[in-house]
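Have a look first, then read on.

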Amino acid sequence: MDQLGVAVVGFGLAGAVFHAPLIAAEPRMRVAAVVTSSAERAAQARAQHPGVRVWESAEEMFAEADDVDLAVIATPNRTHAELAVKALVAGLPVVVDKPFAVKSADAEEVVTVAERAGLPLSVFQNRRWDNDFLTVRALMDGGELGEVRRFESRFERWRPVSKGGWREVGSAEDGAGILFDLGSHLVDQALTLFGPVTEVYAELDQRRPDVQADDDAFIALTHASGVRSHLWMSAVAPQLGPRMRVLGSTNAYTVSGLDPQEDDLRAGRRPDDGNPWGTVTPDKWGTFGAGGDLKTIPTLPGDYPAFYAQMAAALLDDAPVPVEPHDAVETLRILEYARHVATPPEDD
């Protein structure tokens, strides 16, 4: 079978841990090129992906790599839009890691360039394939919650001392901070489940002295459908709340803990190694029901590999991309507005 050659631009946490293993696990794709200026990361790429070509700059790769069919932009947030445009101008379809860009206007420009070039463009909103999200979606599709009224979702950590990476100690102008990091997932999930938003309320705080951007945030969204989404993201939560709580007119669903796929990828496991993927044991299943009539129900398996399976279908079978870029632009608009309303300008 002919495989699509994929270039991973940036081989830090996002490129090496999240993108490259999922690309390598997709039968119709291979990691053909990696862009990194780090000798250590170049050696890591060659060891993990035999036959990969390593380039020190994206510009050189775009100009010379004739065996590349897709560019994946997995660099720091502030460079996403610029590199995505360069890849599209070079004639390559593109996947951009979240957040799509630092500014929604920049993301809109990328979409315009892709549409004019007639090239597929998608954004890596991988948590649409988290096990808890898939379970909530299945419950909604089956009408088992009745009319959903409130959606509560959290990504919380206890990290009282920063690890020092750019996502924590960088500035908000660079796309650092927990709002753009974890909020990109939470807002995307809420929009995917409940549709457009009419009102946004937000709280942003810097709780640790060694960070420049927000590390503790809350967003309340009112959807046009009437559903209210309450979204928490924090690096300084000494006790973690439920991962999701969904309140409907007839039943509710509550689940704790995180989808295991991130930890598995960080540990070097891959979805094609022959072991069950994205599953959790019954003691981690969620609770469904109302009043005293409660029961534990199975959590559906998570499925990050579905993203690149759908991207391969978009390139080879003319199928839709896994995540419409316009969705990611709308997520950015909400994040920008949340930052604006949470930190209004000071009076003169």
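## A loop to start with

Where does Asp318 lie? Asp318 sits in the loop between α11 (305-316) and α12 (helices are DSSP runs of H or I, at least four residues; strands are runs of E, at least two; both are numbered from the N terminus). Asp318 isn't a glycine, yet its phi is positive, at about 60°.

Some ground rules: this is a predicted model, with local features needing pLDDT of at least 70 and side-chain atom pairs counting only at pLDDT 80 or more, while totals for chains, interfaces and linings use all residues. Residues are numbered from 1 along each chain as its sequence is written, and side-chain values use heavy atoms, leaving out hydrogens and water.

The chain splits into domain 1 (4-126 + 307-321) and domain 2 (131-301), with bounds from an automatic or database domain assignment. Their C-alpha centres are 26 Å apart. At the interface, 17 residues of domain 1 are in contact with 17 residues of domain 2 (contact means heavy atoms within 4.5 Å).

About 1600 Å² is buried between the two, with carbon and sulfur atoms giving 61% (buried area is the accessible area, 1.4 Å probe, that two parts lose on being put together, summed over both). On the domain 1 side, Lys98, Val102 and Gln125 lose the most area to domain 2, together 28% of what that side buries.

## Around Lys98

The rule finds one salt bridge across the interface of domain 1 and domain 2 (a side-chain nitrogen of Lys or Arg within 4 Å of a carboxyl oxygen of Asp or Glu). Lys98 and Asp181 form a salt bridge through their side chains, 2.7 Å from N to O.

Pro99 is in the loop between β5 (94-97) and α5.

## Helix α5 and its partners

The axes of α4 (residues 80-89) and α5 (residues 104-117) come within 9 Å and cross at roughly 5° (axes are lines fitted to C-alpha atoms, for helices over the stretch in contact; angles run from 0 to 180 degrees between N-to-C directions). The pair is therefore roughly parallel (under 35 degrees; over 145 is roughly antiparallel). Ala81, Ala84, Val85 and Leu88 of α4 meet Asp106, Val110, Val113 and Ala114 of α5. That contact has seven nonpolar residues, no polar and one charged (nonpolar: Ala, Val, Leu, Ile, Met, Phe, Trp, Tyr, Cys and Pro; charged: Asp, Glu, Lys and Arg; polar: the others, Gly among them).

The axes of α5 and α12 (residues 325-342) come within 9 Å and cross at roughly 170°, so α5 is roughly antiparallel to α12.

Note on methods
Angles under 35 degrees count as roughly parallel, over 145 as roughly antiparallel, 65 to 115 as roughly perpendicular and the rest as oblique.
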